[in-house]
Amino acid sequence: MIAIIFRLAWRNLWRNNRRTLIMLVTIAVGIWAMIFMTALMRGMVNKMVRDAVKVLPGHVQIHHPDYLDDPNIVNSIEEHPDGILLQVLNGPDIVAWSSRVRVAAIISSARESRSITLLGVDPATESEVSFVAGKIVQGSFLNDGDDDGIIVGRKLTETLETGLGKRIVIMSQDPDNEIVDRGFRITGVFDANTEALEEGYVFTGVTAAQNFLGIPGRVHEVAIVGRGFRQIDGMYQAVKNAAGPNFSVLPWTELNSYLGTMLGVMDGFVLVWFMVVFLALSFGLVNTLVMAIFERVREIGLMLALGVKPMIILAQIIVESVCLLFFGALTGNLVAWLTIRPLQDGIDLSSYAEGLEMFGYSTILYPEMTVEDVFTANVVVLSLGIIASLFPAIRASRYQPVEALIKV
Amino acid sequence: MLLNNITFRLAWRNLWRQPRRTLLTLGAMVFANIILVCMISLQFGMYGLMIDNTLSMLTGHLKVLALNYKDDGKIRQSIDEAETLARQLRNDLNRLKNKNFEGESAANNDTEGENNSVKIAVRGKAFALASSEDRSFGILVMGVEPEHEPQVSSIPGLIQRGRYLSDSKAEEIVIGSVLARNLQVDLDDEITLIGSGHDGSFAAAVITVVGITQSGMTDLDRSIAQMPLQLFQETFAMGNGAHEIVIRAPDLSDVEEISIRAQRLLDDRPSLVLHDWDDLEPGLKQSIQADLFSAWFMYGVLITLVAFSVLNTMLMSVLERTREFGIVMSLGLTPGRLGRLVILETAIMGVLGLAAGILIGTGLVAWAGIYGITFPGMDEMGKQFNLPARIYPDLTVFQLALGPSIVFAATLLSSLWPALRLHWLEPVQAMRAAG
Amino acid sequence: MSDIRCVNLCRTFHQGDITVTGLDHVSIDIKKGEFVCLVAPSGGGKTTLLNAIGGLDKPDSGEVWIAGKRIDNMGKSALAEMRLNNIGFVFQAYNLIPVLTARENIEFVMEVQGIPAADRHRRSAAILTEVGLEGLEDRRPAKMSGGQQQRVAVARAIVAKPEIVLADEPTANLDSSSAEQLMDLFVSLNKNHNTTFVIATHDQRVMEYARRIVKMLDGRIDQDIPQDPR
């Protein structure tokens with residue numbers, strides 16, 4: 001019984017092979033567009049999030065409860081967490097964590113000054129959390145927390161007209177709001193994705209920063225990196241519970257609400273895009289089926305007259321539609337894979353660099369074809385395709401045999 | 001094209017021989033057209049807002065800067081006698097501009113004269129450490145002309161509490177709300193500015209907060225600090241120098257012409273460079289281009305799918321009429337004429353789709369124009385791109401017709417194959433084909 | 001016991017404003033193994049009666065009994081089941097499913113009935129021989145003559161061993177010799193399997209084979225006469 005349904009559906013499909021081929025191409029184009037576009041968008045947004053997370057915040061941050069509202073030197077926390085918090089931080093869900101001094105400051109060379117964020121970091125832990133250690137283009141990264149050398153961005157060395165080995169002055173505020181300033185020597189220059197980063201952040205050893213600012217043993221944030229930027233809920237809750245009410249613990253989605261929202265908007269957009277493509281496709285699909293049924297009303301009448309149950313007629317048309325959808329989707333998936341594969345090494349978009357920077361995108365785009373998206377695209381097309389073909393199929397199964405037989 | 005009555009009637013009736021098929025094909029067209037109309041007008045509405053809001057913040061349409069100041073932003077790269085130059089520009093550009101408009105309605109010129117003139121303001125910029133009683137932050141402080149600044153920038157209009165700067169010499173400062181919170185200062189509190197002057201000397205001033213601005217954009221609200229230009233010049237030893245002369249044209253479309261005129265006035269000062277907004281905010285145009293690019297990819301897919309749908313329909317309709325075509329061809333009708341009939345049928349369908357798409361699309365856009373469009377995440381996105389949380393799409397004939405016209409063209413294109421096939425048709429064979 | 005029993009069947013059709021009487025209080029009994037011709041000018045009601053007997057169409061009033069079961073009030077599925085198991089149809093034209101070969105067309109009903117493949121093949125092979133179509137098993141309908149197509153249709157109608165075969169103008173599109181062959185086939189099946197045949201026709205050649213001729217006029221039975229077949 002199933003065999004005859006499939007045989008009929010399959011042969012009927014190829015009765016008009018031009019129409020079937022056009023429909024297959026349409027479905028394939030639709031699926032390809034779904035997967036391809038989504039891979040590009042995912043690549044962009046994921047890269048953006050990964051970069052942003054790598055640049056500074058990590059996945060989760062711990063602060064003094066008042067720090068985010070009032071990022072002042074006095075709103076500091078213990079450099080070395082202890083007790084349960086330390087256990088959680090060293091637990092299996094957390095890849096790396098780093099304590100940082102973070103204050104606003106003014107950096108001056110002999111000719112220029114700029115306002116910057118000064119970060120006092122422990123190079124051993126910091127290099128696993130943020131990008132800077134790996135992006136040193138001149139000199140070297142800090143040796144240890146006591147290192148009082150200073151690491152600046154390349155763009156900043158240009159605006160300050162200074163360079164590796166030169167001295168600069170950093171001016172900030174101590175806990176009593178007295179101005180403190182001190183000369184530092186530039187021991188490293190780093191490169192970053194954006195000029196804003198190169199101009200905005202300056203690094204020195206955590207102990208050196210504490211001594212300079214007069215806050216021994218204190219830091220302003222602990223940045224934590226987990227297993228992946230999408231799977232942070234468990235880790236975030238664990239840290240939050242361990243830290244207790246005396247700390248503010250926030251995930252990156254809240255620290256950078258733009259990025260967090262973008263990720264959500266992205267997920268929504270992918271679904272909307274799938275739906276739009278599917279709808280554009282469904283008109284053709286339903287049309288093809290309606291035509292295919294219209295052409296063989298007589299046959300359907302004959303089968304009904306011979307005693308075939310309406311359900312079998314319905315099943316046969318659905319199987320026909322499923323065959324179309326399946327082979328169209330198969331081709332679409334294959335073409336998507338073939339077109340995305342050569343792009344795996346990245347698409348150079350540097351001609352749009354500044355525009356992309358405004359979105360927070362990187363200039364090299366790595367498409368990401370995820371199993372979830374491919375799965376969703378196929379499920380959307382197949383399941384909704386079947387639902388759409390129910391409408392002509394049900395009509396066909398409701399024919400009265402006599403009327404159908406008379407129809408020319 | 002043969003548009004006499006009988007051909008048209010024939011085409012029309014042929015279309016409705018299979019009403020369900022025609023309606024489904026039309027449905028695909030209308031669906032695509034509605035999406036295109038809505039998306040394109042939303043996009044252009046957004047772009048317009050993005051450009052306008054970004055430029056009216058601080059950038060203006062044109063800026064006169066010292067050579068290399070745009071890239072380096074050093075305090076020494078200043079414009080000497082900036083206010084004098086600004087006055088010159090103001091006079092010359094407006095005189096020339098008015099002359100240019102003389103041919104047009106004089107009354108219009110009188111009533112809107114104020115709006116139609118080119119606005120110009122001078123600014124100085126310096127980095128300084130701003131300290132309140134118990135907080136210090138490094139900021140970029142701006143010296144502005146209180147009488148001209150409100151004409152070129154929307155910042156003075158964002159005063160949430162207090163007032164804007166009153167006088168060019170007053171010891172006053174206006175700061176953003178986030179900065180005020182971080183410095184823990186309020187109206188009438190004093191702020192100490194410490195930095196280096198034009199000549200590298202130590203610069204310091206104590207000034208009173210008279211106004212606090214709020215834009216809702218955290219970055220902007222953290223960075224705004226404006227003081228009167230003359231006080232700025234004294235504090236930072238600028239003499240009569242400043243860093244930028246901002247020019248704001250009455251409309252984006254006037255920028256090019258004003259730029260040419262302004263450049264003429266700057267010819268004798270080679271140390272100065274005139275930058276236009278694209279130069280100053282390269283990210284703006286590029287982000288629009290990048291967005292357009294991805295949008296057109298999506299539209300392309302949509303249009304392709306519709307074209308396939310039409311192709312399938314027309315091919316079917318030609319195939320099932322093979323016998324009929326054979327008969328009329330044996331009566332002496334040329335394949336070319338039959339081909340035109342097929343194209344005409346498609347064209348009728350296309351026009352119907354176009355009309356319905358534009359009509360419904362316009363309705364939706366007009367509705368959105370009244371109530372605005374917002375979507376989850378719009379708030380955060382808006383802050384990133386200087387957009388409000390609600391967008392009122394733009395309605396111009398171009399934007400309305402653009403998408404549907406392309407769909408129409410693609411529709412006609414896809415009927416070419418079925419139409420051209422008729423040339424290979426042999427009447428005798430065709431008549432024998434199963435109807 | 002009669003194989004087919006119709007009691008007071010009425011059926012009218014509405015086409016726009018026009019009302020056409022299909023059946024007007026028709027009652028008829030047909031016994032097992034009979035060979036009946038329904039004869040009427042077009043519009044006389046013979047197809048309507050045939051459809052009512054086959055459960056393809058429902059009468060407005062009256063009763064239809066097939067093999068002791070009342071069918072005029074059955075549901076769609078039950079009717080389909082009944083047709084599948086009890087009745088074989090042969091229509092005037094377009095009798096076959098174009099995408100299936102001769103053998104597949106014959107096996108179609110059995111396949112839907114769920115008869116195992118080996119059994120199906122044995123029976124279809126036998127029936128193909130019986131109707132004289134050896135060698136044409138794997139042809140599709142488009143590659144066969146009208147007579148051959150009708151023979152495939154007959155083979156399909158009888159392969160499931162129905163008690164009744166209903167044929168509507170089976171010879172309308174056939175030349176004389178094909179028509180004769182087809183009728184000979186009907187007669188031999190009627191004799192060999194005791195299958196009841198009800199044939200609607202206005203073809204003189206067909207009537208000569210019948211043992212009972214029912215003449216209809218304007219939806220009523222006009223004459224019901226037994227005759228000696230040729």
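Me: Which residues point one way from strand 6 of chain A, and which the other way?

Reply: In a regular strand the side chains alternate between the two faces of the sheet. Here Gly149(A), Ile151(A) and Gly153(A) point one way from strand 6 of chain A, Ile150(A) and Val152(A) point the other way, and all are buried. Buried means under 20% relative accessible area, exposed over 50%, and partly exposed in between (1.4 Å probe, protein chains only). Strands (E, at least two residues) and helices (H or I, at least four) are DSSP runs, numbered from the N terminus. This is a predicted model, in which local features need pLDDT of at least 70, side-chain atom pairs count only at pLDDT 80 or more, and totals for chains, interfaces and linings use all residues. Residues are numbered from 1 along each chain as its sequence is written, chains are lettered from A and ligands numbered from 1 in the order in which they are written, and side-chain values use heavy atoms, with hydrogens and water left out.

Me: In which sense does strand 6 of chain A pair with strand 8 of chain A, parallel or antiparallel?

Reply: Two strands pair if DSSP finds at least two bridges between them. Strand 6 (residues 149–153) and strand 8 (residues 179–190) of chain A are parallel, over five bridges. Ile150(A) has Ile186(A) as its bridge partner in strand 8. With strand 9 (residues 201–205) of chain A, strand 6 pairs in the antiparallel sense over two bridges, and Val152(A) is partnered there by Val202(A).

Me: At what angle do helix 13 and helix 15 of chain B cross?

Reply: Axes are lines fitted to C-alpha atoms, for helices over the stretch in contact, and angles run from 0 to 180 degrees between N-to-C directions. Angles under 35 degrees count as roughly parallel, over 145 as roughly antiparallel, 65 to 115 as roughly perpendicular and the rest as oblique. The axes of helix 13 (residues 282–319) and helix 15 (residues 335–371) of chain B come within 11 Å and cross at roughly 140°, and the two helices are therefore oblique to each other.

Me: What is the angle between helix 2 and helix 13 of chain B?

Reply: Helix 2 (residues 19–59) of chain B packs against helix 13 at about 170°, with the axes 10 Å apart. That makes the pair roughly antiparallel.

Me: Is Thr288(A) buried or exposed?

Reply: Thr288(A), in helix 10 (residues 257–295) of chain A, is buried because its relative accessible area is 7%. Leaving out residues up to four places away in sequence, Thr288(A) touches Arg19(A), Met23(A), Leu324(A) and Asn312(B), where contact means heavy atoms within 4.5 Å.
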